[in-house]
Structure formats: C-alpha cells, structure tokens
Amino acid sequence: MASQVAHCQASRLDQLKEGLDLLFWATKHAQPSGVMGEQIDPSTGAPLSVSPLFWSHAEFVTAVCKYLNRYNEISSFVAIKGRDADVPKTM
C-alpha cells in the first residue's frame with residue numbers, strides 16, 4: 001500500500017482520492033482493536049496471517065505520512081499560486 005501512495009504523482013487534490021481510498025480500505029479491514037494482518041481474505045475480509053504484524057502497521061503509517069505531505073504540498077502551492085496553477089509532480 002505505501003508504495004502505491006508513495007509513487008503518487010498527484011498535482012491536484014482530487015488526484016489524491018485513490019490514495020485516500022486505499023488508506024480507508026486498510027482501516028476498514030483492520031481488526032476492531034486496530035491490529036492489521038499482512039494478508040486479508042478477499043472474500044471475507046478476515047486476516048490470513050499473523051496479527052499484529054508490525055510491518056503492516058509501519059507501512060500504513062508511512063503511507064499516511066506520504067499522503068498528508070503531498071496533500072499539504074498541493075494545498076500550500078494552490079493557496080500561494082492560485083487554484084489553476086500547475087503544481088509540480090515533486091516538490
């Protein structure tokens with residue numbers, strides 16, 4: 001997941017929706033305690049591997065940080081340059 005969000009080259013806030021959807025998907029498939037497994041059964045959504053798996057949590061935190069950083073970069077750029085400004089893919 002983090003790699004998908006990390007490679008996001010969004011230049012507009014609406015282009016970040018897919019990354020946000022992935023983050024919400026991950027939280028939806030966490031156990032009620034917040035524990036995340038490494039693999040999820042595609043039919044039932046039940047964890048298929050050991051839980052908690054710290055790698056899953058670390059990747060989730062990394063993905064959230066990268067999403068928020070890009071969101072803030074785009075928001076700041078638009079606030080300074082105007083809504084129709086071209087935001088660089090990487091800043």
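This is a predicted model: local features need pLDDT of at least 70, side-chain atom pairs count only at pLDDT 80 or more; totals for chains, interfaces and linings use all residues.
Trainee: Where do K17 and D21 both lie, and how many residues apart are they?

Mentor: K17 forms a salt bridge with D21, and their closest N and O atoms are 2.8 Å apart. An α-helix has 3.6 residues a turn, so residues three or four places apart point the same way. K17 and D21 are separated by about one turn, both lying in helix α2 (residues 17-28), and their spacing is 4 residues.

Trainee: Is R70, whose side chain meets that of E73 in a salt bridge, buried or exposed?

Mentor: R70 and E73 are 3 residues apart in helix α3, which places them about one helical turn from each other, and their salt bridge has an N to O distance of 2.7 Å. E73 has a relative accessible area of 26% and is therefore partly exposed. For R70 the relative accessibility is 7%, and because the cut-off for buried is under 20%, R70 counts as buried.

Trainee: How far apart are the end C-alpha atoms of helix α3?

Mentor: Helix α3 runs over residues 54-81, which makes 28 residues, and at 1.5 Å a residue these should span 40 Å. The distance in the model agrees with that expectation, the end C-alpha atoms being apart by 40 Å.

Notes. Residues are numbered from 1 along each chain as its sequence is written. Side-chain values use heavy atoms; hydrogens and water are left out. Helices (H or I, at least four residues) and strands (E, at least two) are DSSP runs, numbered from the N terminus. The expected span of a helix is 1.5 Å times one less than its number of residues. A salt bridge is a side-chain nitrogen of Lys or Arg within 4 Å of a carboxyl oxygen of Asp or Glu. Buried means under 20% relative accessible area, exposed over 50%, partly exposed in between (1.4 Å probe, protein chains only).
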